[in-house]
Amino acid sequence: LPLVAKPQPTAPYPTATMVQAWFMDDSDADQRLPHKTDPEKPVSVEELQDLGVLHWTVPVEGHEAKLKTICEERDYKNQDQLTCSPEKLPNYEEKIKSFFTEHLHEDEEVRYIVDGSGFFDVRDLEDRWVRMHVKAGDLIVLPAGVYHRFTLDEGNYIQAKRLFKDEPKWTPINRPAEENPHRIAYLKDVSEVTKRRKTAEPEQ
């Protein structure tokens, strides 16, 4: 299937407050810091879409009905909810380090942030890290086959709903996984999207 199988819905989902994203620096400081370059290099929502990453803003108040509509449009049948914080997660420091290991999944990774905040990082086609700061009201979809990782920010708290098309599959496939068929399909799809965008751009 193509990366963007279904267009993002328009009303009633506001898009004025889009997820903040930027290219990361190479510092090995605490993973929970923003890790912005100097000067900062922001990443647009269009660039995220080129990588197969989708985003919706769904206000937390009354989100159940709006989330249900998106689930029906994208065929998400199951969901659960988790809270990640030092108080709720045993061996917290070890756990968040394990989340930060670069990996891929063979299914979409879909998260709706109910409360708190954190960072999702994805690799672009030039193998650079793109960091996205997700907060309450953000719904984010990472495509199958993309290298990514997650960490909390300095707030050390996030509550999120996890959405699934089928039964949950938790097996992360750590990098390198270049022979994985989902990785191969992802690279093919993203390369085609990038090629179409460049073809459509007017000549300078």
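**Figure 1. Arg-162 is a buried residue, with a relative accessible area of 17%.** Buried denotes under 20% relative accessible area, exposed over 50%, and partly exposed in between, with a 1.4 Å probe and protein chains only. The structure is a predicted model, in which local features need pLDDT of at least 70 and side-chain atom pairs count only at pLDDT 80 or more, whereas totals for chains, interfaces and linings use all residues. Residues are numbered from 1 along each chain as its sequence is written, and side-chain values use heavy atoms, with hydrogens and water left out. Asp-80 forms a salt bridge with Arg-162, their closest N and O atoms lying 2.9 Å apart. Asp-80 belongs to strand β3 and Arg-162 to strand β9 (residues 158-164), so the pair ties together parts that are 82 residues apart in sequence. Helices (H or I, at least four residues) and strands (E, at least two) are DSSP runs numbered from the N terminus. Asp-80 is partly exposed because its relative accessibility is 25%.

**Figure 2. Further salt bridges, including a network of shared partners.** A salt bridge is defined as a side-chain nitrogen of Lys or Arg within 4 Å of a carboxyl oxygen of Asp or Glu. The count by this rule is 18 salt bridges. Asp-30 is partly exposed, at 37% relative accessible area, whereas Arg-32 is buried, at 12%. The salt bridge between the side chains of Glu-40 and Lys-36 has an N to O distance of 3.7 Å. Glu-40 is partly exposed at 40% relative accessibility, and Lys-36 is partly exposed at 34%.

**Figure 3. The loop between β1 and α1 contains His-35.** Phi of His-35 is near 55 degrees, a positive value in a residue other than glycine. His-35 counts as buried because its relative accessibility is 8%. Pro-39 lies in the loop between β1 (20-23) and α1 (45-50), and a cis peptide bond with omega of about 5 degrees joins Asp-38 to Pro-39.

**Figure 4. A cis peptide bond joins Arg-175 and Pro-176.** The omega angle of this bond is about 5 degrees. Pro-176 is placed in the loop between β10 (173-174) and α4 (181-200).

**Figure 5. Asp-75 occupies the loop between α2 (63-74) and β3 (78-84).** Its phi is near 65 degrees, a positive value in a residue other than glycine. With a relative accessible area of 38%, Asp-75 is partly exposed.

**Figure 6. Asp-50 is a buried residue of helix α1.** Its relative accessible area is 12%. Apart from neighbours within four places in sequence, Asp-50 is in contact (heavy atoms within 4.5 Å) with Val-190, Val-193 and Arg-197.

**Figure 7. A patch of negative charge on the surface comprises Glu-106, Asp-107, Asp-166 and Glu-167.** Patches are made of residues with over 30% relative accessible area and no salt bridge; like charges are joined within 9 Å, and nonpolar side chains (Val, Leu, Ile, Met, Phe, Trp, Tyr) within 5 Å. Asp and Glu count as negative and Lys and Arg as positive, while His and the chain ends are not counted. Accessible areas come from the Shrake-Rupley method with a 1.4 Å probe; for residues, only the protein chains shown count as cover. Each charge is placed at NZ of Lys, CZ of Arg, CG of Asp or CD of Glu. Asp-107 sits in the loop between β4 (103-104) and β5 (109-123), and counts as partly exposed at 31% relative accessibility.
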